[in-house]
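Please look at the aromatic residues in this model. A few notes follow, point by point.

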Amino acid sequence: MALSIPKIGSRKKVRIGLRRNARFSLRKSARRITKGVIHVQASFNNTIITVTDPQGRVVFWSSAGTCGFKSSRKASPYAGQRTAVDAIRTVGLQRAEVMVKGAGSGRDAALRAIAKSGQADTVGIALRRALLGEIEGTCITRAKFGNVPHEYSTIVGIEESIQEILLNLKEIVLRSNLYGVKDASICVKGPRYITAQDIILPPSVEIVDTTQPIANLREPIDFCIELQIKRDRGYHTELRKNSQDGSYPIDAVSMPVRNIT
């Protein structure tokens, strides 16, 4: 007489158990690498650290939940620190790039843990790249002088050439919340020194250093410049060509942070 096989559980529960076992076996059998990329994803309810090799293949991952933290403690700074230490020690990284995403409270603690583990230069390079290239700034992108044949021309009664005036305009630091392109202008009468304080700006734009020199008028002449202001990020170079209407582009330095040491 054949005996019936006792029912252990549903197929759905068996499949879920297999997936969980495969996930934890992957974390336990992570291969060790000396160079890779550390991805820090910090949300308001968890912190996840993923380590990939230079080709982008996942080597190891860790989260506040897998480290034993539950409920609201998964988003705590201490949970982020423990998660980062768990990922780095398991893989054995010696050199890595750091990619940060999210604004959770465990983000800064994870970065500090990565820095203490010997990745201080790596974290510094990542922060330097973010500060120099990802923060938006406002600058002057174009200047129009009137009928000037080329940027090396000189104007009677002005000490500087057009090129020198363009370089001085490039050094002016602006602060604003504007979007798109806005117009500004300079209209003065010599003899006098022209500084950034003489720029007539839109209401949403202000000058950080109003003493920045622009030009020196040595004779009693009227001098006007039409300017364009734009909010952007990074550094953009413009190819200057001889202009028929006296309008010349200015290399845009849209970086509020100029130097990081």
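1. Tyrosine 78 is partly exposed, because its relative accessibility of 44% falls between the 20% and 50% cut-offs. Keep in mind that the model is predicted.

2. Which residue pairs with tyrosine 78? The partner is phenylalanine 69. The ring centres lie 5.8 Å apart. The planes meet at 80°, so this pair is edge-to-face. Phenylalanine 69 has a relative accessible area of 7%, so this residue is buried. The structure holds two aromatic pairs.

3. The other pair joins phenylalanine 145 and phenylalanine 223. Their ring centres are 6.5 Å apart. Their planes stand at 35°, so the pair is tilted.

4. Are phenylalanine 145 and phenylalanine 223 buried or exposed? Phenylalanine 145 is buried, with a relative accessible area of 11%. Phenylalanine 223 is also buried, at 4% relative accessibility.

5. On confidence, the protein has an average pLDDT of 78. A score of at least 70 is reached by 75% of the residues. Over residues 5-26, pLDDT stays under 50. For that stretch, the model has one contact beyond four places in sequence.

Technical notes: Residues numbered from 1 in each chain as written. Predicted model: local features only at pLDDT ≥ 70, side-chain atom pairs only at ≥ 80, totals over all residues. Heavy atoms only, no water. Phe/Tyr/Trp six-rings, centres within 6.5 Å; stacked < 30°, edge-to-face > 60°. Buried < 20%, exposed > 50% of the residue type's maximum accessible area, 1.4 Å probe, protein only. pLDDT = per-residue confidence, 0-100. Contact = heavy atoms within 4.5 Å.
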